Amino acid sequence: MSGHRWAARAAAGAAAVALTVTGGAVAQADDDIASLGAEQITERSRDALLKVTSLRLSARGSVDGSGDSMSVDLALDRDGDCAGGIDMGEDGSVEIVKRADDVWLKPDRAFWETHIPVGGSTFDAILDGRYMKAKADDPRLLSVTEVCDLDTFRELVEDNRDAADRGTLTKGRETEVNGAPVIPVTRARGDERVTVFVATEGEPYPVRIAVEGPKEKGTVTFSGFGRPVPAGTPSADETVDVTALLGRSVKPV
């Protein structure tokens, strides 16, 4: 599984399964969230996540039991704009900027060798360290552009809110994430554990999600809630429009 797909599954999937509600009364606005039960905390956290219009997502982990570390660092919003990068380890890395209908990608040499075994060196030479510009709706780029859209994660959280098999929710003791007070809630199902660390000051955002299982292990950190995605895009000098060059030899990334 590629790094961006791991990000989508770990962030959206973990948020969805960990933030679903198993029942209980809705918490009142003046409640101390740390004093609430696990079910109420997850509901408050889910609602806060669904309301946010933009955030920064940082994910790191491994999938399929390979032990290979992958990471994602993206600022993204509900308009589908984003900026950041994905590091897929030995499969290469790529910088991403998406604004409105356009997307700019700057892959490294390892990326080309992995995704375009025949002809990748030609693309690498054409770009010569510049960004590849294309239309965001190109089907070969959808797995990247979908990760860039905050609504992708919100929809998965909504779709899973009434999931039948939620496992067991357990509230832990108050702790800190990056110096901020949080309360952890862990969902255990089979040999998989998903822990959501919910902020206890200000909005009850899920500031970190930790996933641990036989095939996946990693963390997803959320920050910059409501902060706009950087509006800058690569200049013409930094860009090569390769829409016409994207042939069938290019695998979906």
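User: Which helix is Ile41 found in?
Analyst: Quick heads-up: this is a predicted model, where local features need pLDDT of at least 70, side-chain atom pairs count only at pLDDT 80 or more, and totals for chains, interfaces and linings use all residues. Residues are numbered from 1 along each chain as its sequence is written, and side-chain values use heavy atoms, leaving out hydrogens and water. Helices (H or I, at least four residues) and strands (E, at least two) are DSSP runs numbered from the N terminus. On that basis, Ile41 sits in helix α2.

User: Is Ile41 buried or exposed?
Analyst: The call rests on relative accessible area: under 20% is buried, over 50% exposed, and in between partly exposed (1.4 Å probe, protein chains only). Ile41 comes out at 0%, so it counts as buried.

User: How far apart in space are Leu49 and Glu203, C-alpha to C-alpha?
Analyst: Leu49 also has its place in helix α2, which covers residues 38-51. With a relative accessible area of 8%, Leu49 is buried. Leu49 and Glu203 are 154 residues apart in sequence, but in space the distance is 9.4 Å.

User: What share of the chain's residues is buried?
Analyst: The chain has six helices and 13 strands. Among its contacts between residues at least 6 apart in sequence, 56% join residues at least 24 apart. Of the 253 residues, the buried share is 48%.

User: How far is Glu212 from Ala188 in space, C-alpha to C-alpha?
Analyst: Glu212 has its place in strand β11 (residues 206-212), and it is partly exposed because its relative accessible area is 46%. Neighbours within four places in sequence aside, Glu212 is in contact with Asp191, Glu192, Arg193 and Lys217. Ala188 is 24 residues away in sequence, and the distance in space is 9.8 Å.

User: What is the phi of Ala100?
Analyst: Ala100 is found in the loop between β4 (93-99) and β5 (102-107). Its relative accessibility is 49%, so Ala100 counts as partly exposed. Ala100 is not a glycine, yet its phi is positive, near 55 degrees.

User: Is Asn178 buried or exposed?
Analyst: Asn178 lies in the loop between β8 (175-177) and β9. It has a positive phi of about 55 degrees although it is not a glycine. Since its relative accessible area is 67%, Asn178 is exposed.

User: Which residues lie nearest the centre of the largest pocket?
Analyst: On a 1 Å grid over the protein atoms alone, a pocket is an open set of points where a 1.4 Å probe fits, with protein on both sides within 12 Å along at least five of seven lines; lining residues have an atom within 4 Å of a point. Strands β9 (180-189) and β12 (216-223) each supply at least two residues of the lining here. The lining has 15 residues, and nearest the centre are Val177, Ala180, Ala199, Val207 and Phe222.

Technical notes:
Contact = heavy atoms within 4.5 Å.
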